[in-house]
Amino acid sequence: MSHPSVLFVCGRNAIRSPMGAALWDQRFGAGSARSCGVIPAAFVDPFMVSVMLEKGIDLEDFSPIALNGVGEPAAQLVVSLSTAAERTARDYASRTGAEFQAWPIPDPSETGGNRDMRIAAYRETRDAIAARIAQWEASAKSA
């Protein structure tokens with residue numbers, strides 16, 4: 001089965017969208033996904049790096065970028081992972097002729113509590129994104 005190139009978009013490109021791109025690449029092959037944010041963070045989130053390492057994905061050298069810094073080629077599928085980024089991502093998909101999908105996933109950085117509670121929230125986010133990718137694959141196979 002063929003899979004499209006995908007651009008994952010979230011608010012800051014520090015947690016959800018890099019997770020999405022890395023998990024997509026892990027499943028379908030390196031270089032098939034990219035990520036960006038509407039307003040990129042100044043640094044990568046260390047909790048995100050930690051939970052992705054648990055899945056054998058090293059994002060320690062990841063650098064957040066803005067949607068306007070993505071460049072070409074345009075993706076075939078644009079996925080918004082946050083409600084805050086949905087309109088901007090939808091507009092980008094429309095301009096570039098890409099399919100658009102919204103997969104709203106809660107931002108784990110908004111979780112309070114101790115370190116264990118916060119890491120658990122990041123794991124839930126990672127696993128929710130992986131589940132959405134698996135769901136996309138299952139629906140693409142049945143289409």
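Q: How do strand 3 and strand 4 pair, parallel or antiparallel?
A: In this predicted model, strand 3 (residues 77-80) and strand 4 (residues 99-102) pair in the parallel sense, over four bridges.

Q: Which residue is the bridge partner of Val79?
A: Gln101, in strand 4.

Q: Which residues of helix 3 are buried?
A: Ala85, Ala89, Tyr92 and Ala93.

Q: What do those buried residues pack against?
A: Strand 1 (6-10), along with strand 3 and strand 4.

Q: What follows helix 3?
A: Gly97 follows helix 3, and the phi of Gly97 is positive, near 80°.

Q: Switching topic: where is Ser32?
A: Ser32 sits in the loop between helix 1 (16-28) and strand 2 (33-37).

Q: Buried or exposed, for Ser32?
A: Buried, because its relative accessibility is 12% and the cut-off for buried is under 20%.

Q: What lies 2.8 Å from a polar atom of the Ser32 side chain?
A: The backbone oxygen of Gly29.

Q: Leaving aside neighbours within four places in sequence, which residues is Ser32 in contact with?
A: With those neighbours left aside, Ser32 is in contact with His3, Pro4, Ser5, Val6, Trp24 and Asp25.

Conventions
Residues are numbered from 1 along each chain as its sequence is written. This is a predicted model: local features need pLDDT of at least 70, side-chain atom pairs count only at pLDDT 80 or more; totals for chains, interfaces and linings use all residues. Side-chain values use heavy atoms; hydrogens and water are left out. Two strands pair if DSSP finds at least two bridges between them. Helices (H or I, at least four residues) and strands (E, at least two) are DSSP runs, numbered from the N terminus. Buried means under 20% relative accessible area, exposed over 50%, partly exposed in between (1.4 Å probe, protein chains only). Contact means heavy atoms within 4.5 Å. A polar contact is a pair of N or O atoms within 3.5 Å; within protein, one must be able to donate a hydrogen and the other to accept it, and residues adjacent in sequence count only if both atoms are side-chain atoms.
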